[in-house]
Amino acid sequence: MAAMGVIVDQFVALWTIPTIRRNFPWTFLIISGVGSILKELELVPQTYFSSSRNFLNVFFVKLSWGWTLLLLTPFLLLSNSSFSSSVSFLSRRLSSLAVATLIWYVCTETFFYIEDATGSCYENSTFSVMKTEFVSKATCRQAGFHWHGFDISGHSFILAYSSLLIMEETAPMAFLRTSNLSAHLIAVLSLLYVALNLIILLWVWMFACTSVYFHDLSHKLLGTMLGLLAWYLTYRVWYLKPLSPGLPPQRHPKEQKQHA
């Protein structure tokens with residue numbers, strides 16, 4: 001566990017640097033822009049990650065929201081219960097994940113609708129011969145043809161949004177690692193915290209792969225900006241208001257009791 005503690009301390013130290021936290025959202029726009037330019041200039045060679053069938057894309061990115069919730073839900077519940085055992089407080093804080101899930105669902109469904117509404121079916125990937133008898137992406141692909149529409153990058157959206165969500169909700173670890181919680185609870189929180197930080201690293205890497213190998217520039221930038229906007233409107237605007245899920249606890253458990 002000593003090694004785990006060192007890793008946790010390293011991640012905590014990284015995220016407590018104000019410049020890192022302040023500029024982290026902007027890195028997604030930079031990666032998306034630079035990656036798209038490299039893609040257009042064909043400066044990045046084809047690799048294992050240029051195939052959408054690569055292991056990380058199939059088993060992690062395509063299930064990215066599931067992985068994010070799987071790890072973040074127990075961490076949020078355990079970390080927040082260390083500050084207060086109030087049912088209303090925990091319910092309110094857990095509702096932030098419900099809000100995030102609603103945002104994910106509405107945005108991704110909207111992306112699908114836009115691609116369906118703006119697209120057409122073509123015989124092959126050169127888009128030279130149109131198949132007018134197919135009017136939806138699903139029926140077009142089932143017939144073995146290619147659908148081409150305005151495809152907002154769902155990967156750019158969800159990978160950016162999930163990373164920022166994790167950054168916000170894991171912030172209490174800076175206080176919990178030095179608290180008087182039981183060794184077992186600290187061990188569980190540490191494992192979840194390290195796993196969540198590794199997920200962020202994976203999401204950033206796959207976001208970069210999406211930027212240099214897939215989608216058009218406008219599709220990626222729009223998806224990225226929507227992810228950043230969803231994070232900003234919740235954690236920087238709405239969650240500062242009384243009638244909201246609220247921000248993660250900002251003080252050490254001992255200080256929390258003193259202010260209760």
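Modeller: Let's start with Arg236, which is partly exposed at a relative accessible area of 33%. On this scale, buried is under 20% relative accessible area, exposed is over 50%, and partly exposed is in between, using a 1.4 Å probe and protein chains only. Before going on, keep in mind that this is a predicted model: local features need pLDDT of at least 70, side-chain atom pairs count only at pLDDT 80 or more, and totals for chains, interfaces and linings use all residues. Residues are numbered from 1 along each chain as its sequence is written, and side-chain values use heavy atoms, with hydrogens and water left out.

Now for the partner. Arg236 makes a salt bridge with Glu168, and their closest N and O atoms are 2.9 Å apart. Glu168 belongs to helix α7 and Arg236 to helix α10, so this pair ties together parts 68 residues apart in sequence. Helices here are DSSP runs of H or I with at least four residues, strands are E runs of at least two, and both are numbered from the N terminus. Glu168 counts as buried, at 5% relative accessibility. Arg21 comes in too: salt bridges that share partners join Arg21, Glu168 and Arg236 into one network. The rule for a salt bridge is a side-chain nitrogen of Lys or Arg within 4 Å of a carboxyl oxygen of Asp or Glu, and by this rule there are six of them.

Two others make handy comparisons. Arg177 pairs with Asp9, with the closest N and O atoms at 2.8 Å. Those two link distant parts of the chain, since Arg177 is in the loop between α8 and α9, Asp9 is in helix α1, and 168 residues separate them. Arg177 is partly exposed at 36%, and Asp9 is partly exposed at 35%. Lys137 bridges to Glu115, with the closest N and O atoms 2.9 Å apart; Lys137 is in helix α6 (residues 137–142) and Glu115 in helix α5, 22 residues apart. Glu115 is buried, with a relative accessible area of 4%.

The whole structure has one disulfide, which by definition needs cysteine sulfur atoms within 2.5 Å. The partners are Cys121 and Cys140, with their sulfur atoms 2.1 Å apart. Cys121 is in strand β1 (residues 120–122) and Cys140 in helix α6, so parts 19 residues apart in sequence are tied together. The S-S torsion is about 80 degrees, so the disulfide is right-handed. Both Cys121 and Cys140 are buried.

A nonpolar core is a set of buried Ala, Val, Leu, Ile, Met, Phe, Trp, Tyr and Cys residues joined through side-chain atoms within 4.5 Å. The largest one has 51 residues, with Tyr161, Met173, Tyr193 and Trp203 touching the most other members. Among the elements giving two or more residues to this core are α5, α7 (154–169) and α10 (217–237), while α9 gives the most, with twelve. Tyr161 touches Trp65, Ala100, Ile103, Gly227, Ala230 and Trp231, leaving out residues up to four places away in sequence; contact means heavy atoms within 4.5 Å.
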